[in-house]
Amino acid sequence: MAHPNAAVQITTASGVKYEPRTTTVLASAFSADPVMAYFLNSIPRGPARSAALHKLFHCMFSAATLKDAIFYESSYPNLTPANQASPNTELVQEPGFQSAAVIMLPGQKVDDLNLLAWLSLIKAGILGLIWTAGLTRFRRVLFEYPALADGVKKTTFNKHEKWYYILMIGTEESHRGKGLCPALIRDLQKKASGEGLPIWLEATSAGSRDVYKKVGFQLVEEGGPFILGKGVADAAGEVATGESAVGVEIWAMVWYPEGYVKPGNGRTE
């Protein structure tokens, strides 16, 4: 638990400034995530898969920067002092993040890739990742998951609606249970409420689903939850066949600001 007198600090940035530290904390936070396992289950669990996950997030978040994504972080700075280099040098290493998120602005999609985005991904090392994980797994990231998620969004929003999208959010394991993720989400909710816009996310575990419920998100009933990899993966995202190949369950969730009115459709319940 956090110190009772500690205050959560939340900072944001766009562009590449926060990408390296966001990638590091989220790769750690999602190391046992079933969706990430499904994306990378051609690689044995261990250091090789961890390295591939870090590379995947680096590529994904590098593409997000081209779409003006906002990088959020939340931390207890008075409890975790900055890591510093030797006192004999002037170099100071920036502290790692405790909790972080990547937020897509209304109308922006990270998988809507133009030539510039592909060049950025190549520079970030996407070709090496495809070689390591295999083209089939890469297709899961780029096509299978977005198609299923977009299908559920179409049953939830009408063509006039815009929303914020929490592309990825997570907390470093040693800092979980301290309220960092809820604090970060509430900060985004304040911003979205001021603009009268909903927030969308996909929960990839029952634990994260329950956290999001506590901060006001509701499950999308029509079209969700959706299943990844049914017939080829188990619930943990690992390669499976037969009865164990139930696939990975994803919970689509949405938060609406108080008094939200769907454009052209009347008041939201």
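## A friendly note on this predicted model

1. About 60 Å³ of space lies in the largest cavity.

2. Which residues line the largest cavity? The lining is made up of Phe39, Leu40, Leu56, Leu129, Ile130, Ala133, Arg137, Phe138 and Val141. At least two residues of this lining come from each of helix 2 (34-40), helix 5 and helix 6 (135-156).

3. Look next at Ala236: along the chain, Pro34 and Ala236 are 202 residues apart, yet their C-alpha atoms are separated by 4.5 Å.

4. Gly229 sits in the loop between strand 7 (226-228) and strand 8 (248-255). Is Gly229 buried or exposed? Gly229 is buried, because its relative accessible area is 5%, and buried here means under 20%. In sequence, Gly229 and Tyr145 are 84 residues apart, while the distance in space is 9.6 Å from C-alpha to C-alpha.

5. On to charged side chains: the structure has seven salt bridges. One of them brings together the side chains of Glu238 and Arg49, at 2.8 Å from N to O. Glu238 belongs to the loop between strand 7 and strand 8, and Arg49 to helix 3 (residues 47-65), so this pair ties together parts that are 189 residues apart in sequence. Both Glu238 and Arg49 are buried.

6. Another salt bridge joins Glu161 and Lys262, whose closest N and O atoms are 3.0 Å apart. This pair, too, links distant parts of the chain: Glu161 is in the loop between helix 6 and strand 4 (164-171), Lys262 is in strand 9 (residues 261-262), and 101 residues separate them. Glu161 is buried, as is Lys262.

7. What about the cysteines? A disulfide is a covalent bond between the sulfur atoms of two cysteines. How many disulfides does a search of the whole structure find? The search finds zero. Cys59 counts as buried because its relative accessibility is 1%. Cys181 also counts as buried, at 12% relative accessibility.

8. Finally, have a look at the surface. Leu115, Leu119, Ile122 and Leu127 form a nonpolar patch there, and together they have about 420 Å² of accessible area. Helix 4 (residues 115-124) gives the largest share of the patch, three residues. Leu127 is placed in helix 5 (residues 126-133), a helix that also contributes to the cavity lining. Leu127 is exposed, because its relative accessible area is 54% and exposed means over 50%.

Methods. Residues are numbered from 1 along each chain as its sequence is written. This is a predicted model: local features need pLDDT of at least 70, side-chain atom pairs count only at pLDDT 80 or more; totals for chains, interfaces and linings use all residues. Side-chain values use heavy atoms; hydrogens and water are left out. Patches are made of residues with over 30% relative accessible area and no salt bridge: like charges are joined within 9 Å, nonpolar side chains (Val, Leu, Ile, Met, Phe, Trp, Tyr) within 5 Å. Accessible areas come from the Shrake-Rupley method with a 1.4 Å probe; for residues, only the protein chains shown count as cover. A salt bridge is a side-chain nitrogen of Lys or Arg within 4 Å of a carboxyl oxygen of Asp or Glu. Helices (H or I, at least four residues) and strands (E, at least two) are DSSP runs, numbered from the N terminus. Buried means under 20% relative accessible area, exposed over 50%, partly exposed in between (1.4 Å probe, protein chains only). A disulfide is a pair of cysteine sulfur atoms within 2.5 Å. On a 1 Å grid over the protein atoms alone, a cavity is a set of points where a 1.4 Å probe fits but cannot get out, and a pocket is an open set with protein on both sides within 12 Å along at least five of seven lines; lining residues have an atom within 4 Å of a point. Grid points are joined across faces, edges and corners, and a volume is the space filled by probe spheres set on the points.
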